[in-house]
Amino acid sequence: MANGSVRVRFCPSPTGNPHVGLVRTALFNWAFARHTGGTFVFRIEDTDAARDSEESYVQLLDSLRWLGFDWDEGPEVGGPHAPYRQSQRMDLYKDVAKKLLDGGYAYHCYCTTEELDARRDAARAAGKPSGYDGHCRDLTAEQVAAYEAEGRTPIVRFRMPDEPITFTDLVRGELTFTPENVPDYGIVRANGAPLYTLVNPVDDALMEITHVLRGEDLLSSTPRQIALYKALIELGIAKAVPEFGHLPYVMGEGNKKLSKRDPQSSLNLYRERGFLPEGLLNYLSLLGWSLAPDRDIFSIDEMVAAFDIANVNPNPARFDLKKAESINADHIRLLDVKDFTERCRPWLKAPFAPWAPEDFDEAKWQAIAPHAQTRVKVLSEITDNVDFLFLPEPVFDEASWTKAMKEGSDALLTTARAKLFQADWSSPESLKDAVLTAGEEHGLKLGKAQAPVRVAVTGRTVGLPLFESLQVLGKEKTIARIDAALARLAA
């Protein structure tokens, strides 16, 4: 494939939060364009005034920027085929619809919804395909006049060819659709508003899109669009029919297709939880594609270098949140410490942080960050992991307290306090030895001995490496917290 000849597009509708299936589609298109040296066109399909919103439009742009996608043509960038919002292209669609009508590729259909439903029900009862039956395909002038006298306003319907349509899907191979399964379809509403079935292929034609990579749910509309492209070519509006590749479904819980309504499909959820863009994109790329059979972790640059649409698996891909978190955790480990400390900042402030802003200690944060980096799966986990450093006293998790503070814990804590008081606080190893020796005096191994100390100081049974945490908190606060725990046990 010649460099620069590829033109792909990503064309979402601005309705609600972007979802992960949409992001996966954007990623595959963007990676394909970057791999081939082609053009990535970002287009907004906002012809549905009832559902589209400016807020969602702004959110879409912000989401793509956050993910690290750049586009060669589209909103805020411009390009030779502007404007890139369908709501600003209505005159173009009107013009194309008129040409299709004048050329005999489309016709006016006067059927009411009730008539269509009745004929569909009858077709189903007779075991026949229930699509549009061509009722208005060849109306006489008299029939048209009669319908118009009744005050009916027609829709515009595209006339499908009476022959099978075959194409080679870039993911699924050769596919054939027979005429009875692809009936004539509406392209303009009765009120003159163009439908997706018209605007989407017309924009692709006018923007000279060469490859359409999109979800499998749109596969059934492809033969209709191919027929429309051929008509547009004959009218001199399009140059060629693009190649199509239909990406596999993303499945959610209970093996159902992941829908916009599923909480785990919302991109905002992953941003709020502190997924890294590179971690999330790495995981989403694995929903239908892989760099190598034995490699799950890779950078976006590595993906771009290797991406080939022919290697996309046509089988449904299952969304696994635990796997997504695990891959994100690996990407957190790959950050340099300075980058990690900066990326955590939002979760160290209101509304996430439970401590007062003046209690945040930058030196302590810098000291604990390298230890936190090895433990968190998502950046939002940082808040609970470091709160013991910045709160006046730890937030006790009652289950942790009950689990750690068993009979004899007061005796162990008393011994550990004495050993820690004498320890060398410049070294975590010295603090570890102090607790180890205290445990030995009470017949406990380190794991059992350190649990009451950890809960007394941090409030929880699990968290960051304990002795590094004690060192960062400091001797005075550590001893004071052990004293407070002993007082609580005594009470």
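**Salt bridges, pair by pair**

User: Let's start with Arg7 and Glu73: buried or exposed?
Analyst: Both Arg7 and Glu73 are buried. Keep in mind that this is a predicted model.

User: Okay, and how far apart are the closest N and O atoms of Arg7 and Glu73?
Analyst: They are 2.9 Å apart, and the two residues form a salt bridge. Arg7 is in strand S1, while Glu73 sits in the loop between helix H2 and helix H3, so to speak distant parts of the chain, 66 residues apart.

User: Switching topic: which residue does Asp62 form a salt bridge with?
Analyst: Its partner is Arg271, with 2.8 Å between the closest N and O atoms. Asp62 lies in helix H2 and Arg271 in helix H8, so this pair ties together parts that are 209 residues apart in sequence.

User: And why does Arg271 count as partly exposed?
Analyst: Because its relative accessibility is 23%, and partly exposed runs between under 20% for buried and over 50% for exposed. Asp62 is partly exposed too, at 37%.

User: What about Glu398, which residue is its salt bridge partner?
Analyst: That's Arg488, and the closest N and O atoms are 3.0 Å apart. Glu398 is in helix H15 and Arg488 in helix H20, so the bridge ties together parts 90 residues apart in sequence.

Definitions and conventions
Residues numbered from 1 in each chain as written. Predicted model: local features only at pLDDT ≥ 70, side-chain atom pairs only at ≥ 80, totals over all residues. Heavy atoms only, no water. Salt bridge = Lys/Arg side-chain N within 4 Å of Asp/Glu carboxyl O. Helix = DSSP H or I, 4+ residues; strand = E, 2+ residues; numbered from the N terminus. Buried < 20%, exposed > 50% of the residue type's maximum accessible area, 1.4 Å probe, protein only.
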